[in-house]
Each structure stands twice: as C-alpha cells, then as structure tokens.
Amino acid sequence: MTEVNPKLEESWKKRLSEEFHSPYFKKLKDFLLEEKKRGEIVFPSGTKIFSAFEHTPFDKVKVVILGQDPYHGPGQAHGLSFSVPPGIGIPPSLLNMFKELKNDLGIPRPSTGNLEKWADQGVLLLNATLTVRANQPGSHQNQGWELFTDAVIREISASRTGVIFILWGKYAQAKEVLIDTTKHYILKSPHPSPFSADRGFFGCKHFSKTNEILASEGQKEIDWSLD
C-alpha cells in the first residue's frame with residue numbers, strides 16, 4: 001500500500017495526487033498495513049485494488065456504476081464493482097443484473113461474471129470502499145476509502161460533462177449530492193440484490209437507457225454482451 005500512488009493509472013494519478021498526500025489517506029494506509037501485520041486476509045489483493053481505474057482512464061469514463069463493498073468471499077473481488085474473475089460463480093446481485101439485461105436488451109445470460117469488457121468501454125465500476133476483510137462485509141468502511149471515492153466522483157462531476165451515473169439502492173443514491181446534475185445524467189433504481197430487485201430494479205431498463213443517452217451525446221454505445 002505504501003507504493004499505491006505510483007501504480008495508479010496515469011490520468012487518475014494526476015487528478016488524485018492531493019488525495020494520496022492527505023492525512024486521511026495516510027491513516028488508511030496505516031490501517032491496511034496493520035491488518036496485514038495481524039494476519040488478516042484482505043480482498044482484493046493489493047495489485048487489484050485500483051483495477052477499476054486501470055481499465056477505465058479518467059478521460060474515457062462514460063458511465064459510472066457505484067457499488068458499496070468488494071465481495072468478501074475467496075477469489076471473488078478483483079477491483080471492479082459487481083464483477084468477479086473468470087471461473088468464479090456469479091453472485092446473486094450480478095445474476096439479477098444479467099436478468100435485467102436479458103429483459104431489457106435480449107442479451108442472454110453470460111457464462112462469466114467478469115465485467116472487464118464493460119470497464120474497457122468506459123464503464124467505471126466503482127465501489128465506495130475498495131477493500132474488505134475476508135468474510136466480513138463492511139469491515140473496511142469508515143477507514144478513509146469513502147473519502148477517496150467521493151473525491152473520485154467529485155472530480156468526474158467537476159471536470160467532465162455528460163457522464164451517466166447509475167445509482168442502484170439507497171447507499172449509491174446518497175452520492176447524488178456529489179454530482180452536478182446540470183452537467184451529468186443520473187439513473188436511479190432499487191439495488192439488484194435479491195432483497196430489493198423486485199421493487200423496481202427489474203424493469204428499470206438502465207442498460208438501454210444508458211445507450212440511448214450515449215447515442216444522443218454522439219458517443220459510441222456500450223456493448224453490454226460479455227460472451
């Protein structure tokens with residue numbers, strides 16, 4: 001974690017350098033080092049923490065899908081919200097996203113839960129907290145990550161125009177205050193979790209709506225298929 005800044009993708013490093021030198025980020029690094037000393041297993045691995053930024057450089061961001069925590073099971077988290085690496089079982093919320101994708105655009109359920117293809121097209125898959133202790137959801141909340149990812153959202157809001165922010169669930173929707181809604185688009189619905197998907201996530205048509213907005217902005221649409 002002490003070498004975190006040099007490894008960040010260049011366009012983001014320029015934009016976020018102040019964050020890396022702030023007191024809260026030093027405390028966050030100290031917290032993560034302490035976790036390591038105690039022998040805690042932390043997901044994702046250090047090289048994957050900033051994967052979302054590697055796949056989606058600042059000037060390429062078209063869409064932001066906000067998540068909350070990384071997955072906390074073995075092998076699941078790899079630095080992209082909602083995504084899992086190839087060969088890992090598809091978690092329930094992502095399965096519901098794929099159901100909506102089929103209902104919305106007729107795209108059959110993919111064989112993989114790896115969303116890198118979306119990220120490489122300009123979909124920033126951003127969790128509010130970028131690490132988690134194994135099998136303990138929420139265990140790295142309120143340690144500084146939220147300050148960092150809020151700064152990411154503010155920077156996109158301030159320096160870009162026409163970005164589509166997809167806010168699923170109350171936690172993500174609370175981030176709307178960070179976004180200049182006169183310059184950007186907001187799509188909101190309940191979370192795709194099995195606990196709330198039936199309350200309005202199914203039928204939200206956010207995948208087709210995103211492409212309609214991109215087309216209206218003269219931008220290339222997202223190919224949401226994964227296979």
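The structure holds eight salt bridges. The model is a predicted one. Its largest pocket has a volume of about 460 Å³.

- Glutamate 155 and arginine 15 form a salt bridge, with 3.0 Å between the closest N and O atoms.
- Because glutamate 155 sits in helix α7 (residues 145–159) and arginine 15 in helix α2 (residues 10–20), the pair ties together parts that are 140 residues apart in sequence.
- Arginine 15 has a relative accessible area of 36% and is partly exposed.

**Salt bridges around glutamate 35**

- Arginine 133 forms a salt bridge with glutamate 35, and their closest N and O atoms are 2.8 Å apart.
- This pair links distant parts of the chain, since arginine 133 belongs to strand β4 (residues 132–133) and glutamate 35 to helix α3, 98 residues apart.
- Glutamate 35 is buried, with a relative accessible area of 0%.
- Arginine 133 is also buried, because its relative accessible area of 14% falls under the 20% limit.
- A network of salt bridges links Glu35, Arg38 and Arg133.

- Aspartate 223 and lysine 117 meet through their side chains in a salt bridge, at 3.0 Å from N to O.
- Aspartate 223 counts as partly exposed, at 35% relative accessibility.
- Lysine 117 counts as partly exposed as well, at 31% relative accessibility.

**Helix α3**

- Helix α3 spans residues 23–37, which makes 15 residues.
- From its first C-alpha to its last, α3 reaches 21 Å, close to the 21 Å expected at 1.5 Å a residue.
- The buried residues in α3 include Tyr24, Phe25, Leu28, Lys29, Phe31, Leu32 and Glu35.
- An α-helix has 3.6 residues a turn, so residues three or four places apart point the same way.
- Pro23, Lys26, Lys27 and Lys37 are exposed and sit on the face of α3 turned away from its buried side.
- Glycine 39 follows α3 and has a positive phi, near 85°.

**Largest pocket**

- The lining of the largest pocket is made up of 24 residues.
- Gln68, Asp69, Phe82, Ser93 and His191 are the lining residues that lie nearest the centre of the pocket.
- At least two lining residues come from each of β2 (63–67), α5 (92–105) and α8 (169–173).
- α8 gives the most to this lining, with four residues.
- By type, the lining has eleven nonpolar, eleven polar and two charged residues.

**Glutamine 121**

- Glutamine 121 is found in the loop between α6 and β3 (123–127).
- Glutamine 121 is partly exposed, with a relative accessible area of 23%.
- Glutamine 121 and proline 85 are 36 residues apart along the chain, and their C-alpha atoms are separated by 17 Å.

Terms used
Residues are numbered from 1 along each chain as its sequence is written. This is a predicted model: local features need pLDDT of at least 70, side-chain atom pairs count only at pLDDT 80 or more; totals for chains, interfaces and linings use all residues. Side-chain values use heavy atoms; hydrogens and water are left out. On a 1 Å grid over the protein atoms alone, a cavity is a set of points where a 1.4 Å probe fits but cannot get out, and a pocket is an open set with protein on both sides within 12 Å along at least five of seven lines; lining residues have an atom within 4 Å of a point. Grid points are joined across faces, edges and corners, and a volume is the space filled by probe spheres set on the points. Ala, Val, Leu, Ile, Met, Phe, Trp, Tyr, Cys and Pro count as nonpolar, Asp, Glu, Lys and Arg as charged, and the others, Gly among them, as polar. The expected span of a helix is 1.5 Å times one less than its number of residues. Buried means under 20% relative accessible area, exposed over 50%, partly exposed in between (1.4 Å probe, protein chains only). A salt bridge is a side-chain nitrogen of Lys or Arg within 4 Å of a carboxyl oxygen of Asp or Glu.
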